[in-house]
Amino acid sequence: MGPRPQPEPGPGRRSGPPLEPHPELTVDVRPRDARPEQPRPARRRSVAEDTLTPEEWRAAGYTPPTGIPIPELTAGAPGEAPWPDRMRTLLRTPMSERPAFERTAREMHPSAAVTRNVPRILDLTLRIGELLLASGEAAEDVEAAMLGIAHAYRLDRCEPQVTFTLIGISHQPSLVEPPVTADRVVRRRTSDYTRLNAVYQLVADITAEEVTVNDAYRRLALIRRNRHPYPAWFLALTTGLLAGAATFLVGGRFDDKAWLVFASAFVAAVLGDRLASALAKRRLPEFYQFVAAAMPAAASGIILSFNDWGLRGSVVITGGLFALLPGRALVAAVQDGLTGFYITAAARLLEVVYLVAGIVIGVIMILYLGVGFEAKLKPDESLVGISYPPVQMIAAMVLTLAFATLLQTDRRTLALVTLNSGIGWASYGALVYNAHVNPIAATGVAAGLVGLFGQLMARYRNGSALPYVTAAIGPLMPGSALYLGMLAFAQGHSSAGLVSVFRAAAIAMALAVGVNLGGEIARLFLKLPVGAELPSLYPAMPRRAAKRTRGF
């Protein structure tokens, strides 16, 4: 055969001799052993790489060529510290700087490909967060719990967000996928610390990778269905016991008339509780419930003042105030403000203002009537005396026991709460009457001790600190100062009334700040989430503060 004819050049065809293959693009089909060894090009090294060490790169603010080692949590359950401290560290760290979660050996196995139902995990996270927020937990602890649950179920890129009535969480699978967001509204708030501890235990088991999603749903349903540990009639009697114990606390006397004052405060508190419960069944707002609950105690104090027997009607009114002051909401509001959740803190403080305003309106209406009829109310009767310090100590512990029962605290926790209250009240008495310290400063120190020991007790029991703290600060609440302010307003002394009201606000602020500071001091003794367990190659990640702004 002759040579193959070349096609005629047409449109789009290049004329001329055929192209020769480029020598560098030619494929060598010879075996690898028969190929001549080609010299490898030398790798170029930059001057900066030869002269700067990784420490110098990091100090200059640049990423070194070898990269920055990322701190990792320990395998499986991350660390030995309780989950609130571990997750709070992650929560206070930006998402781009959070350490990766190192999985268990079972989960890291290639055959352990478990599908993740993202909407179901987010729904479980929101339901648990709703229970925690409704029980009075601080916003930071609620976010820490939500982050811990999502983290345990392998949703690492999550951002929880908590406000006073709305909680939400967003999960972004990657930078190229759309985020998944879910929200939930908290409409009902309950004071059940037994349920709160059960939720804490559930979160602890989830973060330790011991509970599946389905099992967590079953346990959460059981927690919701569980009844309160104490019946309604028992709680009504406990309210009376709280008000009666407060009469011994603020009166500081143990004589034949003290028991009549105790009985009057007991009956008035029970009557106020039943009246508020009746209004609650009629769906009236909580503000009107507090107005109605404060009236019987004020009326009982006015009735006792219409005699010359010295039955101390002011003590009855003050005792009724101790049973109504919202200490739980106040502590949570200040804690949210100190940790940077200003919107939630403002909403909770506004709630406290409305509740206290309801108490003031209910009491001052009766006081105006009593002053109009020339009731013999003596303000100095409601000041704490020093005649019988043992009586006041016992009264403070009984008041705390009743308060803890009203908060539905577990029976096994009541003894520790009462002991913590005794420590706080003894410290306050020693500072005020022996060391002659200002009562406001003494309140802050005593509240700090209550917060410190409450946090340590919570670590010992692996639960929330609220059951050990909220009821223990009950004897330190500013009931006397608030009553003196209302009485001064009713008698037409506006200046003295404002002084007493501001004094009550200062005591309440010192109380809440002291509790928060005591808890933070207690965490100084706890182990960090990472540190000792890390190899020397990885630097320890410090516990970040809750500071959201830098001042510029």
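# Questions about a predicted structure

Trainee: Let's start with Thr-247: whose backbone oxygen does its side chain reach at 2.3 Å?

Mentor: That's a polar contact, a pair of N or O atoms within 3.5 Å; within protein, one must be able to donate a hydrogen and the other to accept it, and residues adjacent in sequence count only if both atoms are side-chain atoms. At 2.3 Å, the side chain of Thr-247 reaches the backbone oxygen of Gly-244.

Trainee: Before we go on, what kind of model is this?

Mentor: Residues are numbered from 1 along each chain as its sequence is written, and side-chain values use heavy atoms, leaving out hydrogens and water. Local features need pLDDT of at least 70, side-chain atom pairs count only at pLDDT 80 or more, and totals for chains, interfaces and linings use all residues, since the model is predicted.

Trainee: Is Thr-247 buried or exposed?

Mentor: Thr-247 is found in helix 9, residues 232-251. Helices (H or I, at least four residues) and strands (E, at least two) are DSSP runs, numbered from the N terminus. Buried means under 20% relative accessible area, exposed over 50%, and partly exposed in between, with a 1.4 Å probe and protein chains only. Because its relative accessibility is 4%, Thr-247 counts as buried.

Trainee: And zooming out, how much of the protein is buried?

Mentor: The secondary structure comes to 20 helices and 3 strands. Of the 552 residues in the protein, the buried ones make up 47%.

Trainee: What share of the contacts with a separation of 6 or more comes from residues 24 or more positions apart?

Mentor: A contact here means heavy atoms within 4.5 Å. Looking at contacts with a separation of 6 or more, residues 24 or more positions apart account for 75%.

Trainee: Which residues does Gly-358 touch, leaving aside its neighbours within four places in sequence?

Mentor: Gly-358 sits in helix 14, residues 342-372. It's buried, because its relative accessible area is 0%. Ala-293 is 65 residues away from Gly-358 in sequence, and 9.2 Å away in space, C-alpha to C-alpha. With the sequence neighbours set aside, Gly-358 is in contact with Phe-287, Phe-290 and Val-291.

Trainee: What about Val-334: which residues is it in contact with, beyond four places in sequence?

Mentor: Val-334 belongs to helix 13, residues 327-338. Its relative accessible area is 7%, so Val-334 is buried. Leaving aside neighbours within four places, Val-334 is in contact with Met-509, Ala-512 and Val-513.

Trainee: At what angle do helix 13 and helix 20 pack?

Mentor: Axes are lines fitted to C-alpha atoms, for helices over the stretch in contact, and angles run from 0 to 180 degrees between N-to-C directions. The axes of helix 13 and helix 20 (residues 494-523) are 9 Å apart, and the packing angle is about 65°.

Trainee: By class, what residues make up that contact of helix 13 with helix 20?

Mentor: Helix 13 contributes Leu-330, Val-331, Val-334, Gln-335 and Leu-338, while helix 20 brings Ala-508, Met-509, Ala-512, Val-513, Val-515 and Asn-516. Ala, Val, Leu, Ile, Met, Phe, Trp, Tyr, Cys and Pro count as nonpolar, Asp, Glu, Lys and Arg as charged, and the others, Gly among them, as polar. The tally for the contact of helix 13 with helix 20 is 9 nonpolar, 2 polar and no charged residues.

Trainee: Now the sheet: which strands are at its edges?

Mentor: Two strands pair if DSSP finds at least two bridges between them. Strand 1 (residues 158-162) and strand 2 (residues 166-171) run antiparallel with 5 bridges, and strand 2 and strand 3 (residues 180-185) run antiparallel with 6. That makes an open sheet of 3 strands in the order 1-2-3. Each edge strand pairs on one side only, and these are strand 1 and strand 3.

Trainee: Which residue of strand 2 stands opposite Val-162?

Mentor: Strand 1 and strand 2 form a hairpin with 3 residues between them. Across this pair, Glu-159 stands opposite Ser-170. The residue opposite Val-162 is Ile-167.

Trainee: What is phi for Gln-408?

Mentor: Most residues other than glycine have a negative phi. Gln-408 lies in the loop between helix 15 (389-406) and helix 16 (411-434), and it's buried at 4% relative accessibility. It isn't a glycine, yet its phi is positive, about 60°.
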